[in-house]
Amino acid sequence: MSRASVFITQILQFVSRVDNKYKRLNSSERVRIVSSGNPSLPRPGFETLRQEDCADPYSDVSRSVNLVPYSLVNPQRVQRRRPVLISPNSLARTIIQKILNMGGAMDFNICKPDVLTKEEFLMRQRIEPIISSREINANTYEVVSPENIEAVAAKGKHCLMEADVSCVKDLLRREIYPIIIHIKICDKNIRKLRKLPLRVDSEEEFVRVCRSRERELESVPCLYACLEPEEWAGPDDLIRVVKDRIQEEQRKTVWVEQDLL
């Protein structure tokens, strides 16, 4: 098994791009590759390849990655429509508005937050779970609770959330299973987004920030859908692909790594 792991690692490295330093998990993958140099991602069942199994000079890559042939997960079959998170979060508001303004938006609705004063916000933090919050000004907060999300699901619609993927664990702990749509942004496809009303200092900085956000998905304890640059040709095409992928993910079984919650 250990020797087979070395061979599989070599094959995966061969077919990947040279600048791809880590392999991200998405809902179409069966094997997980995680950088062994990142100690902040403890996972059960991870085994570093033994040094004596890496004597082959062509298997140097096996020293920098761990092959995870399986993870301890629990399957969840969700009948009601699941909430949707868009990654990177900087695209979420624009994409949500586009989805709601295009045809066929009957299956979607926004997650309407509660507007609270600072005192109300601090009190709710102590007594109720909060999925995400945003400070509007010094005395006003927008707060999303599980009840806000469930209210949309009860109407048979997908709840479109502007929250960051950091809220995924809180959702899963409350048995709310989000659909995560990650849009891969790179130098080649950033020009396709120029027609969208994005507030960015520069395209280079936007790409850098998006790449840093990709690493956050490594700690998400469930699968996510990744849209590659070649899957869409422009803003309207992107919205169509996002909607199609949401419907596709809704039909899938949700696999949750309970040890990461």
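Predicted model: local features only at pLDDT ≥ 70, side-chain atom pairs only at ≥ 80, totals over all residues.
In which strand does Asn137 lie? Asn137 belongs to strand E7, which covers residues 132-137. Here helices (H or I, at least four residues) and strands (E, at least two) are DSSP runs, numbered from the N terminus.

Residues are numbered from 1 along each chain as its sequence is written, and side-chain values use heavy atoms, with hydrogens and water left out.

Let us stay with Asn137. This residue is partly exposed, with a relative accessible area of 38%; buried means under 20%, exposed over 50%, and partly exposed in between, with a 1.4 Å probe and protein chains only. A polar atom of the Asn137 side chain lies 2.9 Å from the backbone nitrogen of Asn139. For the backbone nitrogen of Thr140, the distance to a polar atom of that side chain is 3.0 Å. Thr117 is 20 residues from Asn137 along the chain, and their C-alpha atoms are 9.6 Å apart.

I turn now to the chain as a whole. The protein chain holds seven helices and twelve strands. Of its 261 residues, 44% are buried.

Next comes a sheet. Five strands form an open sheet in the order E5-E9-E4-E10-E11, with parallel pairing; two strands pair if DSSP finds at least two bridges between them. Its edge strands are E5 (108-110) and E11 (225-227), each of which pairs on one side only. Between E5 and strand E9 (residues 158-161) there are three bridges in the parallel sense. Within these strands, Ile110 stands opposite Leu160 of E9.

Finally, I come to the interior. A nonpolar core is a set of buried Ala, Val, Leu, Ile, Met, Phe, Trp, Tyr and Cys residues joined through side-chain atoms within 4.5 Å. The largest such core has 28 residues, and those touching the most other members are Ile95, Ile181, Ile183, Ile185, Leu193 and Val242. Which helix gives the most to this core? Helix H7 does, with five residues. A second, separate core contains 25 residues, including Ile131, Val144, Cys167 and Tyr224.

Leaving aside residues up to four places away in sequence, Leu193 touches Leu91, Ile185, Leu198, Phe206, Trp232 and Leu238, where contact means heavy atoms within 4.5 Å.

Note on methods:
Polar contact = N/O pair within 3.5 Å; in protein donor to acceptor, adjacent residues only side chain to side chain.
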